[in-house]
Amino acid sequence: DKYIGDSLMVFWGAPVKYGDHAQRSINCVLEIKKILESAEIKSHPILSKFKTRFAIHTGKAVIGNIGSSERINYTAIGRDVNICARLESLNKQFNTYFLISDQTKQIINKDIRTRPLEPVNLKGVKRKVMVHELLGDSIKDDYIKEFTIYQKLYIKKDYKLAKAGFLKLLKINKNDSVVQYFLKKIKESSA
């Protein structure tokens, strides 16, 4: 659709309506993820420095030619567009690169690998939005299952058991920034 600062906004389902618009957006992001994680990009002296973050949200929007007689743009606007923009900026908080909302998670193929994070308050949104990290194939299914157990303990505020579990996962993958995020949140809630 357009560039917004250093961001790029893209939408699916208009002007041509697709029943699988959410899946198409996920497939696109996974293809980009694969390219960004390729040896060619990782070894490139300049491209390897770029950190690209994505967010996908599913909802309603006003789509069409919007503007005035002097400047018009075919675009999407509305609450759900704003939610998506806020999800993209949440990547910094979670130290992730690929976030999706629960609304998107519920309608994509079940074989798409994700892990739950937590419900978050977003500016201008009355209800909390549940956020998931979109994963590739680098994290094993058993690890995701264990993570989900500890994430649920965290959500229930059973911080002692959640912390023990997250510390166990950190021994398996010391670079898991999401596990580090939850451990930091547990430490802050105990202080």
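## A tour of salt bridges, a helix and a patch

Select Lys184 and Glu188: their side chains meet in a salt bridge, 4.0 Å from N to O. A salt bridge here is a side-chain nitrogen of Lys or Arg within 4 Å of a carboxyl oxygen of Asp or Glu. This is a predicted model, where local features need pLDDT of at least 70 and side-chain atom pairs count only at pLDDT 80 or more, while totals for chains, interfaces and linings use all residues. Residues are numbered from 1 along each chain as its sequence is written, and side-chain values use heavy atoms, with hydrogens and water left out.

Stay on this pair. Lys184 and Glu188 sit four residues apart in helix α7 (residues 177-190), so about one helical turn separates them. Helices (H or I, at least four residues) and strands (E, at least two) are DSSP runs, numbered from the N terminus. Lys184 is exposed, at 54% relative accessible area. Glu188 is partly exposed, at 48%. The cut-offs: buried is under 20% relative accessible area, exposed is over 50%, and partly exposed is in between (1.4 Å probe, protein chains only).

Next, select Arg115, Glu133 and Asp176. Salt bridges that share partners join these residues into one network. The model's count comes to 10 salt bridges.

Move to Arg24 and Asp20. Their salt bridge has its closest N and O atoms 2.8 Å apart. Arg24 is partly exposed at 32% relative accessibility. Asp20 is partly exposed too, at 36%.

Now pick Arg79 and Asp80. This salt bridge puts the closest N and O atoms 3.7 Å apart. Arg79 is partly exposed at 43%, whereas Asp80 is buried at 11%.

Select helix α3 (residues 79-94). Its 16 residues reach 22 Å from first C-alpha to last, close to the 22 Å expected at 1.5 Å a residue. That expected span is 1.5 Å times one less than the number of residues. Which residues of α3 are buried? They are Asp80, Val81, Ile83, Leu87, Leu90, Asn91 and Phe94. Step on to Asn95, which follows α3 and has a positive phi, near 60°.

Last stop: Leu8, Val10 and Trp12. They form a nonpolar patch on the surface, with about 280 Å² of accessible area together. Patches take residues with over 30% relative accessible area and no salt bridge; like charges are joined within 9 Å, nonpolar side chains (Val, Leu, Ile, Met, Phe, Trp, Tyr) within 5 Å. Accessible areas come from the Shrake-Rupley method with a 1.4 Å probe; for residues, only the protein chains shown count as cover. Val10 lies in the loop between β2 (7-9) and α1 (21-36), and is partly exposed at 45%.
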